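This report describes one protein model for a reader who has not seen it before. Please look over the sequence and the structure before reading on.

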Amino acid sequence: MKDKLIRNNKGFSLIEMLIVIAITTILTVTAVISISTVNNANASKAAKKFESLINNARATSIAKGTEEGKLIITKEHGKVYGQIGTGDKELICSGNIKVYFNQYIGTASYSDRQMTSEMTDGATHVIKFQTSGVAKDMTTDTTDLDVNFCKMIFSNGNRNVEVILYRQT
């Protein structure tokens, strides 16, 4: 009798299918949350690296002068680099993180003229500091306007991290 039951068992029961679907769902949700957490951490890490470069450029300007302390931000082959003066390029971010550069022209107010652009390959932004440490010039490769403050936005799609630099700091 037992052999007859085993031979006639063809397929899965409903309970077995529900258990497999539940386990698959749990694993998928866990993977999505993990990937999202890593991407959020990468955007935050890029913003902290940029902020560190700003502080180093400001300190270099105070110690050595404006040209030595200028911060040059470039994007090459999908990677964003920062370079202080003639020093080595340092990687700020790469991969799926998009970088936007906002410039506010006129008075230091969000209501004035604003220019926003996503950094594309070949784009360059330059930030210079006076020997007192105050931000002096903030220019891009497309404009040389009098910019009062700028904002770099690091985005991975669902998370934006902003670093704002005021001219008179």
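## Confidence of the model

The predictor's confidence in each residue is given as pLDDT, on a scale from 0 to 100. The model is predicted, and the protein averages a pLDDT of 78. A score of at least 70 is reached by 76% of the residues.

Strand E2, residues 79-84, has the highest mean pLDDT, 90. The lowest mean, 58, belongs to helix H1, residues 2-8.

## Overall make-up

The protein has two helices and nine strands. Read along the sequence, these elements follow the pattern α-α-β-β-β-β-β-β-β-β-β.

There are 169 residues in the protein, and 37% of them are buried. Of the contacts with a separation of 6 or more, 55% are between residues 24 or more positions apart.

## Helix H2

Helix H2 covers residues 14-64. How does the distance between the end C-alpha atoms of H2 compare with the span its 51 residues should have? At 1.5 Å a residue the helix should span 75 Å, and its end C-alpha atoms are 75 Å apart, so the two values agree.

The buried residues of H2 include Asn-39, Ala-43, Ala-46, Ala-47, Phe-50, Leu-53, Ile-54, Ala-57 and Arg-58. As a general point, an α-helix has 3.6 residues a turn, so residues three or four places apart point the same way. Just after H2, Gly-65 takes a positive phi of about 115°.

## The largest pocket

The largest pocket holds about 160 Å³ of space. Which residues line this pocket? The lining is made of Asn-42, Lys-45, Ala-46, Lys-49, Leu-91, Ile-92, Cys-93, Ser-94 and Ile-97. Ala-46 is also one of the buried residues of H2.

H2 gives the largest share of the lining, four residues. Helix H2 and strand E3, residues 89-93, each supply at least two residues. By type, the lining residues divide into five nonpolar, two polar and two charged.

## Two loop residues

Glu-68 lies in the loop between H2 and E1. With a relative accessibility of 37%, Glu-68 counts as partly exposed, because values between 20% and 50% fall in that class. Leaving out residues up to four places away in sequence, Glu-68 touches Thr-60, Ile-84 and Gly-85. Thr-60 is among the buried residues of H2. Ala-57, another buried residue of H2, is eleven residues from Glu-68 along the chain, and their C-alpha atoms are separated by 8.2 Å.

His-77 is in the loop between strand E1, residues 71-76, and E2. Is His-77 buried or exposed? Its relative accessible area is 76%, so His-77 is exposed. The phi of His-77 is near 55°, a positive value in a residue other than glycine. In general, most residues other than glycine have a negative phi.

## Glu-162 in strand E9

Glu-162 is found in strand E9, which covers residues 160-166. Its relative accessibility is 44%, so Glu-162 counts as partly exposed.

What does Glu-162 touch, not counting residues up to four places away in sequence? Its contacts are Lys-151, Met-152 and Ile-153. Glu-162 and Lys-48 are 114 residues apart in sequence, and their C-alpha atoms are 9.8 Å apart in space.

Conventions:
Residues are numbered from 1 along each chain as its sequence is written. This is a predicted model: local features need pLDDT of at least 70, side-chain atom pairs count only at pLDDT 80 or more; totals for chains, interfaces and linings use all residues. Side-chain values use heavy atoms; hydrogens and water are left out. Buried means under 20% relative accessible area, exposed over 50%, partly exposed in between (1.4 Å probe, protein chains only). Contact means heavy atoms within 4.5 Å. On a 1 Å grid over the protein atoms alone, a cavity is a set of points where a 1.4 Å probe fits but cannot get out, and a pocket is an open set with protein on both sides within 12 Å along at least five of seven lines; lining residues have an atom within 4 Å of a point. Grid points are joined across faces, edges and corners, and a volume is the space filled by probe spheres set on the points. Ala, Val, Leu, Ile, Met, Phe, Trp, Tyr, Cys and Pro count as nonpolar, Asp, Glu, Lys and Arg as charged, and the others, Gly among them, as polar. The expected span of a helix is 1.5 Å times one less than its number of residues.
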